[in-house]
Amino acid sequence: MKEILIVEDHPIFSDGLQNILADESSISLLDKLADGNLVIPFLAKNKVDLILLDINLPGIDGLSLLKEIKATYPDIKVLILTQYDKAAFIQSSIESGADGYLLKNSSKNQVLGAVSQVLSGEPYFSQEAMGTLISSMRRQGTNHQVKLTKRETEVMTLLAKGLTVNELADKLFISAHTAETHRRNVMAKMKFKNRAELTVYATEHGYLDLPKGG
């Protein structure tokens with residue numbers, strides 16, 4: 001049984017999420033918190049597998065909270081569920097370690113699909129979120145024409161899936177130092193400014209099969 005925590009300050013939406021999750025036998029709603037400042041103390045006392053996290057919260061905003069969660073509890077999955085569809089928010093979420101990004105106008109099936117996929121260890125960024133980032137990159141004239149080696153392509157794909165450098169090293173049976181060198185080479189060769197750009201590029205060019213949302 002996977003334990004889920006909802007962090008959302010709007011009772012109507014929070015209750016709606018609770019109803020959506022209620023019929024899923026493989027997951028259990030541990031609690032609902034409406035204040036960002038309550039989350040870290042709660043995690044210190046409870047085992048949580050996945051957090052459904054809003055960005056706009058009292059106490060501490062969701063993006064700052066996301067960084068703190070990932071720094072202290074890196075194994076906890078975090079799915080951003082928000083009304084914000086701006087590229088800056090999506091990019092900041094990816095950079096801060098979000099395992100997924102979903103808009104609040106998503107359907108019940110989208111929410112459940114995202115929850116299931118993130119819990120299985122795969123990232124979930126909705127079609128709307130990825131479309132926003134791709135459009136933003138195109139407006140900025142981002143263009144990556146350099147060819148990657150087979151190993152560099154592997155590294156880029158795993159980074160786009162959300163793996164850390166240490167996880168990358170374990171996956172490829174290489175040292176953390178070598179994994180970090182590959183990461184730097186990919187970022188430099190492709191002229192990616194950040195992980196968000198890498199993720200968008202990998203998605204747009206078919207290096208990983210992220211869901212299309214709705």
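This is a tutorial dialogue on reading the features of a predicted model.

Q: What should I know about the numbering and the model before I start?
A: Residues are numbered from 1 along each chain as its sequence is written. Because this is a predicted model, local features need pLDDT of at least 70 and side-chain atom pairs count only at pLDDT 80 or more, while totals for chains, interfaces and linings use all residues; side-chain values use heavy atoms, with hydrogens and water left out.

Q: In what order do the six strands form the open sheet?
A: Helices (H or I, at least four residues) and strands (E, at least two) are DSSP runs, numbered from the N terminus. Two strands pair if DSSP finds at least two bridges between them. Here the order is β2-β1-β3-β4-β5-β6, with parallel pairing in an open sheet of six strands.

Q: How many bridges join β3 to β4?
A: There are four, and the two strands run parallel. Across this pairing, Leu-53 stands opposite Ile-80 in β4. β1 and β3 also pair in the parallel sense over four bridges, and there Leu-5 stands opposite Ile-51 in β3. Strand β5 (residues 100–103) is joined to β6 by two bridges, with Phe-125 in β6 as the bridge partner of Tyr-101.

Q: Which way do the side chains of β3 point?
A: In a regular strand, side chains alternate between the two faces of the sheet. In β3, Leu-50 and Leu-52 point one way, Ile-51 and Leu-53 point the other way, and all are buried. "Buried" means under 20% relative accessible area, "exposed" over 50%, and "partly exposed" in between (1.4 Å probe, protein chains only).

Q: Which residues have the most contacts inside the largest nonpolar core?
A: A nonpolar core is a set of buried Ala, Val, Leu, Ile, Met, Phe, Trp, Tyr and Cys residues joined through side-chain atoms within 4.5 Å. The largest one has 33 residues, and those with the most contacts inside it are Leu-5, Leu-43, Ile-51, Leu-53 and Leu-65. Apart from it lies another core, of 19 residues, including Val-155, Leu-168, Leu-198 and Ala-202.

Q: What does Leu-43 touch?
A: Contact means heavy atoms within 4.5 Å. Not counting residues up to four places away in sequence, Leu-43 touches Leu-5, Val-48, Ile-51, Ile-69, Tyr-73 and Ile-76.

Q: At what angle do the axes of α8 and α9 cross?
A: Axes are lines fitted to C-alpha atoms, for helices over the stretch in contact, and angles run from 0 to 180 degrees between N-to-C directions. Angles under 35 degrees count as roughly parallel, over 145 as roughly antiparallel, 65 to 115 as roughly perpendicular and the rest as oblique. The axes of helix α8 (residues 165–172) and helix α9 (residues 176–190) come within 8 Å and cross at roughly 110 degrees. That makes α8 roughly perpendicular to α9. At their contact, Val-165, Asn-166, Leu-168 and Ala-169 of α8 meet Ala-176, Ala-179, Glu-180 and Arg-183 of α9.

Q: Which residue other than glycine has a positive phi near 60 degrees?
A: Most residues other than glycine have a negative phi. Phe-173 is one with a positive value, near 60 degrees. Phe-173 lies in the loop between α8 and α9 and is exposed, with a relative accessible area of 78%. Lys-191 also has a positive phi, of about 60 degrees, although it is not a glycine. Lys-191 is found in the loop between α9 and α10 and is exposed too, with a relative accessible area of 65%.

Q: Where does Asp-85 lie?
A: Asp-85 is in the loop between β4 and α4 (87–95), and is partly exposed, with a relative accessible area of 39%. Leaving aside its neighbours within four places in sequence, Asp-85 is in contact with Ile-90, Leu-103 and Thr-132.
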